[in-house]
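Please read them with the structure open alongside.

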Amino acid sequence: MGFEQVLQKTWRDNLLFSVLVELTYRCNLDCFFCYNDLGLRGEPLRTDQYLDFFAELSDLQVLNLTLSGGEPLAHPDFLKLGACARELGFVVRVKSNGHALRGEMARRVRDEVDPFLIEVSLHGATAATHDRQTRVPGSFDRLLANLREMLGLGLRVKLNSTMTRWNEGEIEGMMALADGLGLPLQLDPEVTPRDDGDAEPLSIAPSREGLGRLFALQAERAGSGAAAVSVAREGDEGIVPVPLAKHCGAGSAGIAVDPYGNVYPCVQWRRPVGNLHRQSIREIWSASAGLREVRELTARAKEVVDAHGAAGPLLNFCPGLAATHTGDPLSVYPDALRRAEVLGEVLEQEKKRVLLPVVP
Amino acid sequence: MTFGAAFLVHPDLFPARRGGETWGAQAVTINLPGGPYRFAGLAPAQVEAVRARFGAYIKGMGDAGAAVESLVFRMAEEEVREIDTRGWEYGLDLDAAPGAVRLAGMRLAGRLDWRPGLAGSLWTPDGGSESFAGIFENFFRVLTAYRLLEQGGLLVHGAAVAAGGRSLLALGRSGAGKTTFARLALARGAEVLSDDLNALRRTGGGTVVEKLPFTGDLGDSASPAGPLPLAALLRLEKSPHDELVPLGRAEGVGLLLACSPYVNVDPHRREALLANLAALLPAAGDPPAWALRFTLGGDCWPILERQCLRSTPAAS
Amino acid sequence: MPALDSGSILRPARDLRFRRIDDEAVVVRQRAGEVLVMNETAARLLELADGRTSVAEWVEVLAAEYEIDRQALEQDILAFAADLAAEGMLELAPPPEEEESRGV
């Protein structure tokens with residue numbers, strides 16, 4: 001059996017496999033389009049609660065544990081939690097802005113947490129653009145220096161970038177930068193509303209032309225044998241699309257947890273299905289009515305996408321985003337339609353280009 | 001040295017935005033010049049500590065409209081440096097930018113952000129107690145300084161005393177005799193507003209002084225008082241004789257500039273500060289500024305009464 | 001790596017992460033960035049390789065589970081473990097703490 005079949009099984013049989021934990025909403029950068037709901041309040045999970053939670057996840061055979069935020073390193077017990085995750089045998093990913101990953105801290109992350117991957121956000125190919133988005137002057141230069149330091153330490157790093165109106169002119173530059181460092185780059189073509197529904201980030205959503213160029217460049221690279229630049233979004237990690245009765249693994253193979261212990265089906269789908277202050281993850285996983293609904297909705301989402309025929313997969317439909325955009329997890333939001341349209345056009349162009357030499 | 005490194009273990013992780021986990025769900029609103037100031041995200045023990053220090057200035061519930069809002073967030077003990085305070089002079093670490101000010105101090109990290117209105121954020125490992133009151137006040141002083149600045153006023157480091165419904169503001173570098181002067185005035189029946197920090201504002205009737213309940217050696221910080229017309233600015237100088245020497249307007253402006261803590265080292269708000277100083281001292285003699293040369297054993301008060309408190313008509 | 005025998009004590013390589021999904025093991029080799037799906041036997045051996053129990057003890061456990069001839073089982077296990085060790089998935093655990101010699 002291959003890995004894809006294993007993933008299918010986790011989706012089908014509701015085997016929890018990937019967990020994303022937002023340790024804190026504190027952050028040492030101030031990205032304009034950050035999706036965190038900073039107005040959310042509650043009792044933060046204590047470190048001992050995290051340790052119990054992680055142990056339970058390990059018993060449940062969860063493989064992927066992503067430490068996110070805010071800036072996860074800003075959680076005072078980040079290293080302790082990371083070391084515990086390592087001891088419990090998780091494949092640990094750290095989603096960081098990279099700003100504090102240098103010197104002693106970077107070395108300790110390597111030695112104590114030994115993450116499978118550190119995913120660092122890149123906001124542009126120039127200091128002007130990167131710093132404009134992070135709203136912290138000097139953050140670009142710091143990031144480049146820190147990336148080199150991390151690579152020197154032998155840390156495994158991936159760059160993530162969300163394409164925006166501000167950086168869409170620098171896609172090639174970001175690719176060149178990633179190539180120069182020998183790092184993979186994942187571009188997310190979707191700016192999303194904040195988790196509280198605030199649509200302000202959408203004011204810098206990429207243009208139609210920008211999207212088209214991104215998809216074209218991606219196709220070009222795929223054809224040239226250059227390092228792949230993947231186009232995916234937050235929440236897709238460890239969840240490979242496979243033919244199945246469900247549209248995605250949200251709530252079936254994956255969950256996300258916020259700093260206050262609220263459990264969601266996915267980092268993109270902020271529909272609470274339980275809280276770790278009140279229930280164990282085992283209880284939530286087996287008995288949450290909210291999760292049952294979500295699993296049902298992911299099956300219905302598949303029907304919605306399938307109804308779009310060949311254009312369905314191009315939508316990159318996300319029920320969580322649909323819920324944030326429109327309030328209905330089954331409603332195909334305009335951004336998804338636009339994406340499918342642009343991607344369809346690019347694929348059509350590519351097809352012509354590929355066919356050209358063959359036709360006399 | 002890197003900003004914050006003297007106080008924080010990880011200055012690289014200094015918060016860049018108003019986010020994090022608050023201490024609790026309680027809030028207090030404090031009525032100080034420039035306010036009201038509302039502090040939310042507090043734990044019950046923190047509210048107690050704030051009440052103990054600012055009780056008389058705390059407003060009732062539900063009247064916090066248009067308040068300057070601050071949030072109080074958690075920070076871990078392990079994030080703050082232990083400081084040996086023996087023989088050490090405490091000074092906050094400040095870092096100003098056009099739209100924000102960062103501050104670091106003992107057991108605290110703070111931000112003031114203009115988005116576009118002023119909002120404060122305080123991170124501390126203290127969940128309550130006497131030391132929380134101190135941390136809170138250190139943050140609150142900076143917040144007040146910037147709030148007064150944006151409202152055309154000034155937080156002034158100086159001793160203010162009042163007599164006959166008018167006030168004198170005595171300024172000078174550390175050791176110039178502010179507390180000595182305040183004691184002297186107190187002995188002569190004047191009231192000490194605060195011998196450390198006071199607010200200065202311009203009203204239709206002239207420049208006024210308002211006391212701030214921040215900890216000083218003298219002054220009854222427990223009872224609020226309204227604004228009092230400023231009869232004179234005094235530059236304190238210890239001397240073998242008691243005498244008053246008139247100062248020009250420029251000297252008065254320079255004196256205030258030197259005594260406006262936090263904001264006078266902010267390169268991004270220099271124009272605003274100079275504009276406020278010009279408005280607070282719009283003309284020579286409004287209000288008058290003097291150099292007060294005074295003896296420790298002598299008595300300068302009669303001179304002040306004669307020259308400052310009686311000679312100019314009270315602004316009303 | 002020296003030849004394995006029934007007294008060998010093994011543990012998973014430091015960069016190995018694995019979980020059991022039903023009767024299989026999903027194995028991630030962090031350094032290589034590689035994901036493998038391994039069969040029931042491999043899953044079982046990875047679980048047993050805790051850095052404390054010897055191959056002989058594994059044989060006891062597995063003999064009880066599978067009702068197979070012990071000698072044949074031991075040979076199979078040693079061969080499989082040697083394969084996993086050659087692949088860099090299992091490694092010999094460092095010698096136990098010298099507690100006894102210190103009389104603690």
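1. Helix 1 of chain C, which covers residues 40–48, lies across strand 2, strand 3 and strand 4 of chain C, and its direction makes an angle of about 65 degrees with strand 3 of chain C. As with everything that follows, this is read from a predicted model.

2. The strands under discussion build an open sheet of 3 strands in chain C, in the order 2-3-4 and with antiparallel pairing. Strand 2 (16–21) and strand 4 (34–38) of chain C are the edge strands, since each of them pairs on one side only. On average, and with direction ignored, neighbouring strands of this sheet are turned by 20 degrees against each other.

3. Which residue of strand 4 of chain C is the bridge partner of Val28(C)? It is Val35(C). Between strand 3 (residues 24–29) and strand 4 of chain C there are 5 bridges, and the two strands run antiparallel.

4. Turning to chain A, a reader will find 12 helices and 10 strands there. Its C-alpha atoms, taken along the principal axes, fill a box of roughly 70 × 45 × 45 Å. The radius of gyration of chain A is 20 Å, which agrees with the value near 21 Å that a compact globule of 360 residues would have.

5. Two further values describe the interior of chain A. Of its 360 residues, 51% are buried. Among the contacts in chain A with a separation of 6 or more, 72% are between residues 24 or more positions apart.

6. Where chain A meets chain C, the contact takes 13 residues from chain A and 11 residues from chain C. On the chain A side, helix 1 (residues 3–13) of chain A supplies the largest share, namely 4 residues. That side of chain A, sorted by residue type, divides into 8 nonpolar, 4 polar and 1 charged.

7. The contact between chain B and chain A deserves a separate look, and it takes 16 residues from chain B and 21 residues from chain A. How do the residues on the chain B side divide into nonpolar, polar and charged? The side of chain B that touches chain A has 6 nonpolar, 4 polar and 6 charged residues.

Technical notes:
Residues are numbered from 1 along each chain as its sequence is written. Chains are lettered from A and ligands numbered from 1 in the order in which they are written. This is a predicted model: local features need pLDDT of at least 70, side-chain atom pairs count only at pLDDT 80 or more; totals for chains, interfaces and linings use all residues. Two residues are in contact if their C-beta atoms, placed from the backbone, lie within 7 Å. Ala, Val, Leu, Ile, Met, Phe, Trp, Tyr, Cys and Pro count as nonpolar, Asp, Glu, Lys and Arg as charged, and the others, Gly among them, as polar. The radius of gyration is taken over C-alpha atoms; the globule rule is 2.2 Å times the number of residues to the power 0.38. A residue is buried if 20 or more other C-beta atoms lie within 10 Å of its own, exposed if 12 or fewer, and partly exposed in between; C-beta atoms are placed from the backbone. Two strands pair if DSSP finds at least two bridges between them. Axes are lines fitted to C-alpha atoms, for helices over the stretch in contact, and angles run from 0 to 180 degrees between N-to-C directions.
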